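Here's a quick briefing to read with the model open beside you.

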Amino acid sequence: MTQAGNRKNSFASGWILVTGLLLFCLTGTGLTWWNYSRQVFSSAQGLVVNEGVEQHVVVMLPASEARVIKVGHGATVTVGNDKNPLKGRVISVNPTPNPDRNVVIVRLTNVRSPLPTGAVCEVTIDTTVPPMEGNY
């Protein structure tokens, strides 16, 4: 009689563990879906601006999109038809005289050769990853 009682208790404990893990995984899946279903990527056309040794990309964005962009967010920049994207970080988000537009400045990192000033580029800012802290 005691052996049957021990089996039932151990079965019940395993069932609770499996159910708890399943609920934990479903919660994690739901939160991940919620995070990525929001407007999390901001893509726009920008212009290359050279300031001495450093190269920046200036992007004009609607204020509604720029509101979620913070200093330190990562950016991917594709210049012209070049297939090799450049990496960068947002260094400022500034309002313009037009209240519906904001200027976002991205500092490019690890640029091997200088880009032509005024070159048109495609900029994608990933706001799903929290912004980096520190100097850019």
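β3 and β6 run antiparallel and are joined by six bridges. Within that pairing, V77 sits opposite V123 in β6. Bear in mind throughout that this is a predicted model.

**β3 and its other partner**
- β3 also pairs with β4: the two run antiparallel, with four bridges between them.
- One spot to look at is T76, whose bridge partner in β4 is K87.
- Six residues separate the strands in the β3–β4 hairpin, and G80 there takes a positive phi near 55°.

**The nonpolar core**
- The largest nonpolar core has 20 residues, and V57, V77, V104 and V123 are the ones that touch the most other members.
- Each of β1 (41-51), β2, β3 (74-79), β4 (86-95), β5 (101-109) and β6 (120-126) supplies at least two residues of this core.
- As a general point, nonpolar side chains in soluble globular proteins tend to be buried together.

**The whole chain**
- Secondary structure amounts to two helices and six strands, and the order along the sequence is α-β-β-α-β-β-β-β.
- Out of 136 residues, 26% count as buried.
- Looking at contacts between residues at least 6 apart in sequence, 63% join residues at least 24 apart.
- The chain has an accessible surface of about 9500 Å², and carbon and sulfur atoms account for 62% of that.

**H56, a buried histidine**
- H56 belongs to strand β2 (residues 54-62).
- Its relative accessible area is 3%, so H56 counts as buried.
- What does H56 touch, leaving aside neighbours within four places in sequence? The contacts are L47, V48, V49, E51, I91, I105, V106 and R107.

**A63 and the stretch it meets**
- A63 is part of helix α2 (residues 63-66).
- With 24% relative accessibility, A63 is partly exposed.
- Leaving aside neighbours within four places in sequence, A63 is in contact with P99, D100, R101 and N102.

- Where is N110? It lies in the loop between β5 and β6.
- N110 isn't a glycine, yet has a positive phi of about 55°.
- For context, most residues other than glycine have a negative phi.
- Is N110 buried or exposed? N110 counts as exposed, because its relative accessibility is 74%.

**A nonpolar patch on the surface**
- L22, L23 and L26 form a nonpolar patch on the surface, and together they have about 320 Å² of accessible area.
- L22 lies in helix α1 (residues 2-37).
- L22 has a relative accessible area of 52%, so this leucine counts as exposed.

Definitions and conventions: Residues are numbered from 1 along each chain as its sequence is written. This is a predicted model: local features need pLDDT of at least 70, side-chain atom pairs count only at pLDDT 80 or more; totals for chains, interfaces and linings use all residues. Side-chain values use heavy atoms; hydrogens and water are left out. Buried means under 20% relative accessible area, exposed over 50%, partly exposed in between (1.4 Å probe, protein chains only). Contact means heavy atoms within 4.5 Å. Accessible areas come from the Shrake-Rupley method with a 1.4 Å probe; for residues, only the protein chains shown count as cover. Patches are made of residues with over 30% relative accessible area and no salt bridge: like charges are joined within 9 Å, nonpolar side chains (Val, Leu, Ile, Met, Phe, Trp, Tyr) within 5 Å. A salt bridge is a side-chain nitrogen of Lys or Arg within 4 Å of a carboxyl oxygen of Asp or Glu. A nonpolar core is a set of buried Ala, Val, Leu, Ile, Met, Phe, Trp, Tyr and Cys residues joined through side-chain atoms within 4.5 Å. Two strands pair if DSSP finds at least two bridges between them.
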